[in-house]
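Work through the exercises below with the sequence and the structure in view. Try each task before reading its solution.

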Amino acid sequence: MVALSLCVGAVLHAARFLEGPASPAARADLMVVLGGDSGDRGLTAARLYAAGMAPRVLLTGLEASPPEVRRAYLHWRAQLLSDAGVPLQRFEYDPESGNSWDEALNTRRLMEARGWRRVLVVSDPYHMRRLSWTWRRVFEGSALEYSLVASSPAFWKPDAWWRDERSGAAVIMEYIKLGYYLAKY
């Protein structure tokens, strides 16, 4: 009976576990808006920029797509942020990243090249656990700092994820990705 209760509890709180490492935004040298965005990350980044949280915004490429598609994807995201008040001259672009590990690694390289010390990383709430593990590993041994900031997708239902198809798919896929990242990196 105890084992069953533990299993039920783990399932019920699976989404909240994924969200766990998210933190409030703190001032940084750069804000990176991770790829795979359908607009929620961009809108969150625009609000953070307007609040003065970072003077520059890095947009990363769309995972698992050809490089020429990534460039077009970056342009519509830049337009979204520009329409929300972020000046185009404040953007940096990373069309090379093909996954979350690449995004962290390429961000670290950019930060080291430019002398930046702190970054805000904007992604969806269900990515926070995997991103925490990834960014900690990539930034290990450096003096660089990062904060993970969660967007607020309207569909996201962390307390009833199993009742919502889109939230359920996000949770299940994220646990698969987390396992993959733990095994690969």
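**Exercise 1: a pair in a helix**

Trp135 and Phe139 both lie in helix 6 (residues 128-139), four residues apart, about one turn of the helix. Helices (H or I, at least four residues) and strands (E, at least two) are DSSP runs, numbered from the N terminus. The model is predicted, so local features need pLDDT of at least 70 and side-chain atom pairs count only at pLDDT 80 or more, while totals for chains, interfaces and linings use all residues. Residues are numbered from 1 along each chain as its sequence is written, and side-chain values use heavy atoms, with hydrogens and water left out.

Task: classify the ring pair of Trp135 and Phe139, and state whether each residue is buried or exposed.

Solution. 
1. Rings of Phe, Tyr and Trp (its six-membered ring) pair if their centres lie within 6.5 Å; planes under 30 degrees apart count as stacked, over 60 as edge-to-face and the rest as tilted.
2. The structure holds eleven aromatic pairs. In the pair of Trp135 and Phe139, the ring centres are 5.2 Å apart and the planes stand at 50°, so the pair is tilted.
3. Buried means under 20% relative accessible area, exposed over 50%, partly exposed in between (1.4 Å probe, protein chains only).
4. Trp135 has 0% relative accessibility and therefore counts as buried. Phe139 is buried too, because its relative accessible area is 4%.

**Exercise 2: charges over rings**

Task: which rings lie under Arg130 and Arg166?

Solution. 
1. A charge sits over a ring if NZ of Lys or CZ of Arg is within 6 Å of the ring centre and within 35 degrees of the ring normal.
2. Arg130 lies over the face of Tyr181, 5.0 Å from the ring centre.
3. The charged end of Arg166 is over the ring of Phe155, at 4.0 Å from its centre.

**Exercise 3: the whole protein**

Task: how many helices and strands does the protein have, and in what pattern?

Solution. 
1. There are seven helices and five strands.
2. Along the sequence, the pattern is α-α-β-α-β-α-β-α-β-α-β-α.
3. Of the 185 residues in the protein, 48% are buried.
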